[in-house]
Amino acid sequence: MRFLGRSIQTKLLVFFGALALGPVLFLGLVSLYLIDQSHRRDVSNLEVQLINQQISSIDKLFSEMFDTLTRDSITDDGGRVDIERLRRVLSDTNALETVRLMNRGGEQTFYASKLGTSTPPVPSLGLAYLREVHEGKKYVSPVRYTDSGPLVTLAAPIYVTTTAVTQIILADVNLESTS
């Protein structure tokens, strides 16, 4: 009640301060909220762009690997895989760790590794890659982690004619070597 007894100047000063500061504080809080939302949206858009760029980079890598493994220079005139050319591709390509050939039945007919040429057991990829390759599709396995880093196995058909899959080429790609 003391306030009511004060002079009119004091009352006007208090009301002016309340009426002037109230909207400023309110608009300031609204501005901060809108800036925060805009910043979150911008960061989200940048993250999506980065993810799309990485996906594009990975797609390009796999496309180049498939092209390297299945191009005509790997096969001779009879449509058979030239083992020496395949070994050169293995030694010239940093990301490739192993290359193997399999017949239509899934039996391994050739194996080469940067570590040597001993024949390890065929990786357990299941039959998914066989089905896809027999349908003429290329196969990329899920990432598996080994002592040498994360690996992906690529599988692709090798044709003698344009319709008959004669062999399957599999390659282990070290993803750490690609960056």
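This is a dialogue about a predicted model, on how its labels follow from its values.

Trainee: Why is T98 called buried?

Mentor: The cut-off for buried is under 20% relative accessible area. T98 has 7%, so T98 counts as buried. T98 lies in strand β1, residues 96-103.

Trainee: Which residues is T98 in contact with, leaving aside its neighbours within four places in sequence?

Mentor: They are L90, Y111, A112, S113, L170, A171 and D172.

Trainee: What makes the pair T98 and D172 a polar contact?

Mentor: The N or O atoms must lie within 3.5 Å. The side chains of T98 and D172 make their contact at 2.5 Å. That value is within the cut-off, so the label holds.

Trainee: How do you know that R100 and D172 meet in a salt bridge?

Mentor: The rule asks for a side-chain nitrogen of Lys or Arg within 4 Å of a carboxyl oxygen of Asp or Glu. For R100 and D172 the N to O value is 3.6 Å. So the pair passes. R100 is in strand β1 and D172 in strand β6, so the bridge ties together parts 72 residues apart in sequence. Both R100 and D172 are buried.

Trainee: What makes D172 and R144 a salt bridge?

Mentor: The closest N and O atoms of D172 and R144 are 3.1 Å apart. The limit is 4 Å, so this pair passes too. D172 sits in strand β6 and R144 in strand β4, 28 residues apart, so distant parts of the chain are linked.

Trainee: Are D172 and R144 buried or partly exposed?

Mentor: D172 is buried, with a relative accessible area of 6%. R144 has 27% and is partly exposed. Under 20% is buried and over 50% is exposed, so 27% falls in between.

Trainee: Why speak of a network of salt bridges for R100, R144 and D172?

Mentor: D172 meets R100 in a salt bridge. D172 also forms one with R144. R100, R144 and D172 are therefore linked in a network.

Trainee: How many salt bridges does the rule give?

Mentor: The count comes to four. Among them is the pair R87 and E84, at 3.2 Å, N to O. R87 and E84 are three residues apart in helix α2, so about one helical turn separates them. R87 has 34% relative accessible area and is partly exposed. E84 has 45% and is also partly exposed.

Trainee: Why is Q108 called partly exposed?

Mentor: Q108 has 22% relative accessibility. Buried would need under 20%, and exposed over 50%, so Q108 counts as partly exposed. Q108 is in strand β2, residues 108-113. Its side chain makes a polar contact with the side chain of R100, at 3.1 Å.

Trainee: Why is S141 called buried?

Mentor: S141 has 5% relative accessibility, under the 20% cut-off, so S141 counts as buried. S141 is in the loop between β3 and β4. A polar atom of its side chain lies 2.8 Å from the backbone nitrogen of T153.

Trainee: Why is L34 called exposed?

Mentor: L34 has a relative accessible area of 53%. The cut-off is over 50%, so L34 is exposed. L34 is in helix α1, residues 8-70. F26, L27, V30, Y33 and L34 make a nonpolar surface patch of about 530 Å².

Trainee: Which residues of the largest nonpolar core touch the most other members?

Mentor: The core has 22 residues, and M65, L86, L96, V99, L101, L154 and I169 touch the most others. Elements giving two or more residues are α1, α2, β1, β2, β5 and β6. The most come from α1, with five residues. A second, separate core of eight residues includes L130, V133, A155 and L170.

Note on methods: Residues numbered from 1 in each chain as written. Predicted model: local features only at pLDDT ≥ 70, side-chain atom pairs only at ≥ 80, totals over all residues. Heavy atoms only, no water. Helix = DSSP H or I, 4+ residues; strand = E, 2+ residues; numbered from the N terminus. Buried < 20%, exposed > 50% of the residue type's maximum accessible area, 1.4 Å probe, protein only. Polar contact = N/O pair within 3.5 Å; in protein donor to acceptor, adjacent residues only side chain to side chain. Contact = heavy atoms within 4.5 Å. Patch = residues over 30% accessible without salt bridge, like charges linked within 9 Å, V, L, I, M, F, W, Y side chains within 5 Å. Areas by Shrake-Rupley, 256 points an atom, 1.4 Å probe, with all protein chains shown as cover. Core = buried A, V, L, I, M, F, W, Y, C linked by side-chain atoms within 4.5 Å.
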